[in-house]
Amino acid sequence: MRLKLAHLLTALTLVVLLLMAQGALAPVDHYVQDKIMQQRGSTDTRIVIIGMDDQSLHELGQWPWSRSVHAQLIDTLSQGKPAVIAFDVTFAENARDLSGDEQLVKSVRKSGNVVMPTFGQFASSAKRGIPEAQNMSAPFPSLGQAAAALGHINAVYDNDQVVRKSLYQFTYQGKVQSSFAWEIYRMYMRHEGQQADESILPLDPFGRFHIPYTGRPGDYEVIPYASVIQGEVPPDYFKDRIVLIGPYAAGFKDDYATPLAPKLHMYGVEIHANIIQALLNGKLKTELDWKWDAALLLIFAVCSCIVFSRAHPAISLGAVTAALAAILYAGKLLYAQGVIVSVGYLMVYLIVSLICAVGFKYIQERLERKRVTHIFGRYVAPQVVKQILQNGEEGLKLGGSRRILTVLFVDIRGFTPLSERAEPEAIVEVLNEYLDLTANCIFEQDGTLDKFIGDAAMAIFNAPLEQEDHAMRAVRAAWMMKEKAAGLRDKLISKYGFSIQFGIGVHTGPAVFGNIGSKTRMDYTAIGDSVNTAARLEGAAEPGQILLSETTYQAVRDRVHAAGLGEIKVKGKEQRLQIYELEGLR
């Protein structure tokens, strides 16, 4: 079965679907989402970050600070009545300064709105559903009991180490642990007299949801930790706001790559701020199941197969370019409406399918050229084959076309006596030399070698490609045969004591040419009365004589020397033919 473009594109579609199901093309999809869909926006002023930055480390001393300092911060903030105070700092063990721990516990309990972090450790293989932690780091017991809520701060990385999703919950020892951002959001909603509804979370099969980032690193308001401790910022400034407290210096090693700035890492507390803002604004995104993406891919596969099979590569390129632009625009528009479509897969498919289609057509064209060259190279001169290939099959009207042609018949005179004197092997050698000379003369004048008929040959000019001076081309070919045959004649005389010569007839007239024959066997030839006339002229020619018909002579009379021989009667024709003998070229 011959390979078709549809077969190739079908195989490519199946491969892309398989890769899609396995998530192998996720990096491409992530890249498109990061560059096109994720858009920087205005940060929510209800969220403020108190950063443990380089300035605070310089003014408050080397980390870790006494926990009494954290207690002082909470007491100061509580005076301003913020909605939520959240520490993105783990206090897993008691400090040596137990009094500091006691102050921190007391301040947390008194505030009543402090969220403390936990951190789960999981097996390497992810499973569907709510994951279960093998171990969990949590605040030391009394601090955990004093906190208004506990939330995990586990970051979810993709294969490229970029944080694009947030894990909603995990379980540890039978207890559910929600995320840090969710607990902050839940507490803020309660502060506003509302109830947090977890049904707003568009979770994937692994209990995660997409983070629609708004701020880049440094976009959220950040106040140095030391500035609040030292009273440079009034507590009222934090009234009814969400206050996030966390590392904001490189030394803490709490920075991550994110879609809006993969090279400029974002601190963990800023990631929490982005998640909280998405929850507050209700701008969470639903990711379509890969099966819907696969259905969309199949639609594009069918359309691309139709276009690539029928259209010119340039048109296909334009169609793909337009499709890519439309896909990007639609993906961005749907993302703004809360739906994530994996357009990266579609883009990869369209680009690769276009490359395959163009490559397939190129190879197909090369094979077609090779086929045409192989077929016509046995009939016509190389330059004619080249012209046929340049014009394509439009230049070949297969099945029979009517046109004025010049037909040349050439026969070897004296071949029969030679057969009686020489061995069969020598006869074949001589015959091949003469026929090779004949073919070369025909090809040199861009003629078409129709066929060999024993020791004779037939050639046509002005087919398959049109030639304005086809009659003169045929006459030149005939004269070249006569001149070049002299060398072969001398060779035969010296070897066998006997020579042979050409008898040639040339006629110009209407004929039908093309592929003629049966479905299983056909020849590229010409038929008609003009062909018969040329054959009769060749039969009437004496050895070494070139006879031209009246029509051929009138077409070349200004460029040749010819002698009129009067009219002759030929077999199969009632009317006599006026003939001329070619004596030379001008």
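A word on the model before we go on. It is a predicted model, where local features need pLDDT of at least 70, side-chain atom pairs count only at pLDDT 80 or more, and totals for chains, interfaces and linings use all residues. Residues are numbered from 1 along each chain as its sequence is written, and side-chain values use heavy atoms, leaving out hydrogens and water.

Now to the rings. The structure holds twelve aromatic pairs; rings of Phe, Tyr and Trp (its six-membered ring) pair if their centres lie within 6.5 Å, and planes under 30 degrees apart count as stacked, over 60 as edge-to-face and the rest as tilted. One of them joins Trp 63 and Phe 252, edge-to-face, with 5.2 Å centre to centre and 80 degrees between the planes. Trp 63 lies in the loop between helix 3 (54-60) and helix 4 (67-79), and Phe 252 in the loop between strand 12 (242-247) and strand 13 (255-258), so this pair ties together parts 189 residues apart in sequence. Helices (H or I, at least four residues) and strands (E, at least two) are DSSP runs, numbered from the N terminus. Trp 63 and Phe 252 also form one aromatic cluster with Trp 65 and Tyr 225.

Next, look at helix 7 (residues 180-191), where Trp 182 and Tyr 185 lie three residues apart, about one turn of the helix. Their pair is tilted, at 5.3 Å centre to centre and 50 degrees between the planes, and both residues are buried.

Key:
Buried < 20%, exposed > 50% of the residue type's maximum accessible area, 1.4 Å probe, protein only.
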